Structures are given as C-alpha cells and as structure tokens.
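Hello,

Here is the structure I promised to hand over. Please have it open while you read; my notes follow below.

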Amino acid sequence: MSAGGAFGGNRGARPVPPEKGVFPLDHLHECDLEKKEYISCLKSSGYQSERCRHFSKKYLECRMERNLMAKQDMSELGFGKESGTELSEERNGKNDNQASPASGNKTILA
C-alpha cells in the first residue's frame, strides 16, 4: 500500500494558503481581453514572460479596477518604473544591433 492519499497527495502534509489570500474568479470574463493578449504574447515569445510584462501589468490593473483583487501599488507586485522595464528588455536582446539614440553610433550589444 502507498503512503499517499487517494489522488497521490501526502496525507500528513498540511495545506498552505496562498500568499495573497483568496481572490474572486473572473466569472463575468471582464478581463478576458487582457488575459488573452498576455497568453498570446507568451506563446509568440516562446514563453519568455519578461517580454510580456506589459500585458501582465495590464491584466493585473484590469483585475484591480473591477475589484477582482485587492488594489496594490504595482511596485509591490514586481513592476518598477517603466525605465527599468526598458533596461531589462535591452538585456534580453530586444534592442540588438540597433543604433544608440544618444550617441548616433551603431553598436552591437553582446
């Protein structure tokens, strides 16, 4: 006999509540457009979530506007200033082989 539960779970482990608590599901599909944009972006980028952060932010903002989650400052959810997002996109190769607007010289980022 196995020591696990009926569906393979561990009977001795206590369930751990989600970090942010329970939030209502979007039964009325109020944020479906934002969700679909985010999922589409993930698929087209090879599931590199960093490239789709702006869609993720848009989705969370939609949920907050419609009281589907508690309103929080976006910095608490991992979204800093916009300039930080642009820097991370440069590091991920989005701006490879583009001219630097400040210098006017073409540079290749490694």
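**Tyr59 and the helix pair**

Tyr59 counts as partly exposed, at 22% relative accessibility. Bear in mind throughout that this is a predicted model. Tyr59 lies in helix α2. Setting aside residues up to four places away in sequence, Tyr59 touches Cys31, Glu34 and Lys35. Take Lys35: 24 residues separate it from Tyr59 in sequence, yet the two C-alpha atoms are 6.1 Å apart in space.

Helix α1 spans residues 32-44 and helix α2 spans residues 53-65. Their axes come within 9 Å and cross at roughly 160 degrees. The cut-off for roughly antiparallel is over 145 degrees, so α1 is roughly antiparallel to α2. The crossing of α1 past α2 is left-handed. From α1, the contact uses Glu34, Lys35, Glu37, Tyr38 and Cys41. From α2, it uses Phe55, Ser56, Lys58, Tyr59 and Cys62. By class, the residues of this contact are 5 nonpolar, 1 polar and 4 charged.

**The loop between α1 and α2**

Two residues here deserve a look. Ser45 sits in the loop between α1 and α2. Is Ser45 buried or exposed? Its relative accessible area is 14%, and the limit for buried is under 20%, so Ser45 is buried. Leaving out neighbours within four places in sequence, Ser45 is in contact with Arg51 and Cys52.

Tyr47 is in the loop between α1 and α2 as well. Tyr47 is exposed, with a relative accessible area of 57%. Check its backbone too: Tyr47 has a positive phi of about 60 degrees, although it is not a glycine. Most residues other than glycine have a negative phi.

His29 is another case to inspect. Its phi is positive, at about 55 degrees, and it is not a glycine either. His29 is placed in the segment before α1.

**After α2**

Met69 is found in the loop between α2 and α3, the latter being residues 82-91. Met69 is buried, with a relative accessible area of 18%. Which residues does Met69 contact, leaving aside its neighbours within four places in sequence? They are Leu60, Arg63, Met64 and Leu77.

**The whole chain and the annotation**

How many helices and strands does the protein have? The secondary structure comes to 3 helices and 0 strands. Along the sequence, the pattern reads α-α-α. The protein has 110 residues, and 20% of them count as buried. Among contacts with a separation of 6 or more, 40% are between residues 24 or more positions apart.

The UniProt record, an unreviewed entry, carries the annotation "domain: CHCH" over residues 31-65. In the model, that stretch is 74% helix and 0% strand. The C-alpha atoms at its ends are 10 Å apart.

Then go to the positive phi at Tyr47 and the one at His29. Finish at Met69 and its contacts, among them Leu77.

Best wishes

Notes: Residues numbered from 1 in each chain as written. Predicted model: local features only at pLDDT ≥ 70, side-chain atom pairs only at ≥ 80, totals over all residues. Heavy atoms only, no water. Axes fitted to C-alpha atoms, helices over the stretch in contact; angles between N-to-C directions. Helix = DSSP H or I, 4+ residues; strand = E, 2+ residues; numbered from the N terminus. Parallel < 35°, antiparallel > 145°, perpendicular 65-115°, else oblique. Left-handed = near helix turned anticlockwise from the far one by under 90°. Contact = heavy atoms within 4.5 Å. Nonpolar A, V, L, I, M, F, W, Y, C, P; charged D, E, K, R; others polar. Buried < 20%, exposed > 50% of the residue type's maximum accessible area, 1.4 Å probe, protein only. UniProt positions renumbered as here; feature names shortened; annotations may be inferred.
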